[in-house]
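Please walk through this protein with me, from its overall make-up to a few individual residues.

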Amino acid sequence: MAAPFFSTPFQPYVYQSQEDTITPFQILGGEAQVVQIMLKSHEKVIARPGSMCFMSGSVEMENIFIPENEVGVWQWLFGKTVTSIVLRNSGPSDGFVGVAAPSLARILPIDLSVFGGQILCQPDAFLCSINNVKVSNTVDQRGRNLMTTAEGFLRQKISGQGLAFILAGGSVLQKNLEVGEVLAVDVSCIVAINSTVNVQVKYNGPVRRAVFGGDNLVTATLTGPGIVFIQSLPFQRFSQRIARAVTSPNMRENPKLFVQIAIFFFLAYVVIVSSLILTDV
């Protein structure tokens, strides 16, 4: 079946699985990208909820719970989704689906067989997959273990022998580290690494910088061999800059806002202390 008329000419990449199944796909757009995947009869794509952009008439969508792909109740309690969508071509002829990035992100195709069957990614990096792919999300509740290992900030493990599509922000670089080669990267800029890369996390400066802000607070030292994907504009940094741009005009219009807030909390403190003293008396 031909590609949709509104897309660019379909000159796809071709993914060939270990079972000799060939699946062509094409990544469309420059920033908020869409991956268009051609599906033969009874082939399917597993994707994150809300990512379906378009699909041919023969493709059916089903929202399912995949327990082996999620942490379950803990994921749900912390605001994560515990379901996935299955896009299956139920028709006799070829069909297609378009899976879109949820933000201004680029889509990276990852053939897991090239990465030894496993890759460690930033949270919510997974977009969709073809064939046998398992997504495991880890949640570490212990504050002392936060950011002490790679799993502290790369909390999504994608494993299997299929093709996975992951998300990255801004421009994306791929670094191939040789044995013993060292690369220092800001933690938020790491999209994914394979399991052969050794990771050591370093805090740049005192803890008080975490309270009063500061860029490049945490750096990861990566030691090869292995492959590292680096993004220039993480979504968290992008959203913070938008929030600053929205709030800063209000601050300029009212430069005494900080003083007013300080006076408010001081008066509230005086009232609370006075009430406690009067109660004891």
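**A strand and its surroundings**

Strand β6 (residues 59-64) and β7 are joined by 6 bridges and run antiparallel. Within this pairing, Met 61 has Leu 87 of β7 as its bridge partner. The model is a predicted one, and everything that follows should be read with that in mind. Strand β7 (residues 84-89) also pairs with β4, to which it is joined by 4 bridges, again in an antiparallel sense, and here Val 45 has Leu 87 of β7 as its bridge partner.

On the β4 side, Ala 47 belongs to the strand made of residues 44-47. Ala 47 counts as buried because its relative accessibility is 0%. The C-alpha atom of Ala 47 is separated by 7.7 Å from that of Leu 87, although the two residues are 40 apart along the chain. Once neighbours within four places in sequence are set aside, Ala 47 is in contact with Ser 84 and Ile 85, and also with Val 99, Leu 127 and Cys 128.

Asn 89, for its part, is in strand β7, and with a relative accessible area of 0% Asn 89 is buried. Where does the side chain of Asn 89 reach a backbone oxygen? The side chain of Asn 89 reaches the backbone oxygen of Leu 39 at 3.0 Å, and it also reaches the backbone nitrogen of Gly 91 at 3.3 Å. Not counting residues up to four places away in sequence, the residues that Asn 89 touches include Leu 39, Lys 40, Ser 41, His 42 and Glu 43, as well as Ser 58, Val 59, Asp 94 and Gly 95.

A search of the whole structure finds 3 aromatic pairs. One of them is formed by Phe 25 and Phe 165, whose ring centres are 5.1 Å apart and whose planes stand at 80°, so the pair is edge-to-face. Since Phe 25 lies in strand β2 (residues 22-28) and Phe 165 in strand β14 (residues 163-169), the pair ties together parts that are 140 residues apart in sequence. Phe 25 is buried, with a relative accessible area of 4%, and Phe 165 is buried as well, at 0%.

Some features of the backbone in the loops also deserve attention. Gly 224 and Pro 225 are joined by a cis peptide bond, with omega at about 15°, and Pro 225 is placed in the loop between β19 (218-223) and β20 (226-231). Asp 124, which is not a glycine, has a positive phi of about 65°; Asp 124 is found in the loop between β10 (118-121) and β11 (126-130) and, at 34% relative accessibility, counts as partly exposed. Asn 131, also not a glycine, has a positive phi of about 70°. Asn 131 lies in the loop between β11 and β12 (133-137) and is partly exposed, with a relative accessible area of 36%.

Turning to the protein as a whole, the secondary structure comes to 4 helices and 20 strands, and 39% of the 281 residues count as buried. Among contacts between residues at least 6 apart in sequence, 76% join residues at least 24 apart. The accessible surface comes to about 16100 Å², of which 60% belongs to carbon and sulfur atoms.

Definitions and conventions
Residues numbered from 1 in each chain as written. Heavy atoms only, no water. Helix = DSSP H or I, 4+ residues; strand = E, 2+ residues; numbered from the N terminus. Buried < 20%, exposed > 50% of the residue type's maximum accessible area, 1.4 Å probe, protein only. Contact = heavy atoms within 4.5 Å. Phe/Tyr/Trp six-rings, centres within 6.5 Å; stacked < 30°, edge-to-face > 60°. Areas by Shrake-Rupley, 256 points an atom, 1.4 Å probe, with all protein chains shown as cover. Pairing = 2+ DSSP bridges. Polar contact = N/O pair within 3.5 Å; in protein donor to acceptor, adjacent residues only side chain to side chain.
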